[in-house]
Amino acid sequence: MASKSPMNASRFRLEFWGVRGSYPTPDKTTLGYGGHTSCVEASVGGHHLIFDAGTGIIPLGKKLANGRGGPKHLNLFLSHTHHDHVFGFYFFEPLFRPGNRVCVFGPGSPEKPLHDTLRAAMEPRFFPVKLRDLDANSKYYSLQGGERVELRDSGDLPRVDRAGAEKPENGVTILVKRSKAHPNGVLLYRINYRGKSVVYATDVEQKDGGHRDIIQFIRGADVLIHDAQYLNREYHSATSPRKGWGHTTVELAAEVARKSSVKRLILFHHDPTHDDATITAMEKRAQRIFPGAAAAYEGMKLDLFRSP
Ligand SMILES: [Zn+2]
Ligand SMILES: [Zn+2]
């Protein structure tokens with residue numbers, strides 16, 4: 001949104017556009033939950049946020065490009081740059097529209113800026129369009145964890161500070177945490193607005209009892225979106241154990257949610273080999289441990305200012 005309108009200034013809504021992990025599954029046995037990879041849209045306090053650019057961002061981009069209103073200000077937060085989280089980036093229509101402004105946040109350092117990582121993935125050997133040919137005015141923010149991103153009104157660019165001495169939270173702020181509990185690391189995001197909070201924690205492998213630092217980061221969130229790719233028996237399978245692959249079992253995700261006193265747990269990053277019946281069974285398993293659990297599906301909407 002180019003400017004903040006009073007109508008949506010008090011909103012805190014989520015919509016899920018891609019909930020699958022690893023690769024898309026356009027298979028009819030998986031379409032109850034959806035086949036697109038990770039993408040969650042958040043409309044918060046008049047700002048437009050998107051978490052991850054899996055293939056789910058492609059239909060979202062079409063909706064935004066064809067929607068009403070003028071140029072858009074979008075804020076895209078990447079958890080990491082594994083293919084299943086960025087493949088839709090190159091097909092995200094708002095990037096090809098002049099006048100739009102897209103601020104892209106993701107893992108990077110002064111030596112390895114985010115912009116360079118995305119540019120490398122768009123080399124002519126891999127993709128026909130170059131990053132510099134995108135028409136939108138894009139800004140790239142390399143994050144290492146421990147930052148606090150503040151979204152500002154009146155078209156001002158977001159402000160990135162080190163998190164620390166907590167300031168009064170009036171506007172929309174996003175806290176960033178880096179975890180090593182995924183190959184090459186991953187960023188977790190906590191969005192805070194008017195006393196409500198959502199944590200986006202995909203592609204994270206919890207250990208028994210949960211990682212202490214992650215539990216601290218997610219504690220008390222109203223909504224926790226958490227990796228729940230495997231069943232216990234798959235993770236511990238004798239023939240093909242999944243330990244070290246960077247994902248959590250549904251049982252452990254539910255235990256971590258209970259321990260962290262979050263209000264709701266959304267099971268996310270469904271395994272591409274799981275059909276609808278398996279995911280429904282996993283949801284029931286999670287609910288026995290943590291009643292506030294629900295499996296994410298494409299088209300799922302949550303409103304933080306309304307009771308479920
Ligand atoms: Zn993934
Ligand atoms: Zn990954």
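Mentor: What follows is a short talk about the terms used for this predicted model.

Trainee: How many of the residues are buried?
Mentor: Buried residues are 45% of the 308. The word applies when 20 or more other C-beta atoms lie within 10 Å of a residue's own.

Trainee: Why are β8 and β14 said to stand at the edges?
Mentor: Eight strands form an open sheet with mixed pairing, in the order β8-β7-β9-β10-β11-β12-β13-β14. β8 (159–162) and β14 each have a single partner strand, so one side of each is left without a neighbour in the sheet. From one strand to the next, the twist averages 20°.

Trainee: What makes β10 "mostly covered"?
Mentor: Eight of its eight residues are buried. Val-186, Leu-188, Arg-190 and Asn-192 point one way, while Leu-187, Tyr-189, Ile-191 and Tyr-193 point the other way.

Trainee: How do you know that β10 pairs with β9 and with β11?
Mentor: Pairing needs at least two bridges. Seven bridges join β9 (residues 172–179) to β10, and five join β10 (residues 186–193) to β11 (residues 196–201). β9 and β10 run antiparallel, and so do β10 and β11. Lys-177 has Leu-188 of β10 as its bridge partner, while Ile-191 stands opposite Val-198 in β11 and Asn-192 opposite Ser-197.

Trainee: Which residues take a positive phi in the two hairpins?
Mentor: Between β9 and β10 there are six residues, and Asn-184 takes a positive phi near 75° in that hairpin. The hairpin of β10 and β11 has two residues between the strands, and there Arg-194 takes a positive phi near 45°.

Trainee: What do the buried residues of α6 pack against?
Mentor: The buried residues of α6 (residues 250–259) are Val-250, Leu-252, Ala-253, Ala-254, Val-256 and Ala-257. They pack against α4 (212–218), β12 (223–227), β13 (264–268), α7 (276–289) and β14 (293–295). α7 itself lies across β13 and β14, at about 170° to β14.

Methods
Residues numbered from 1 in each chain as written. Chains lettered and ligands numbered in written order. Predicted model: local features only at pLDDT ≥ 70, side-chain atom pairs only at ≥ 80, totals over all residues. Buried ≥ 20, exposed ≤ 12 C-beta atoms within 10 Å, placed from the backbone. Helix = DSSP H or I, 4+ residues; strand = E, 2+ residues; numbered from the N terminus. Contact = placed C-beta atoms within 7 Å. Axes fitted to C-alpha atoms, helices over the stretch in contact; angles between N-to-C directions.
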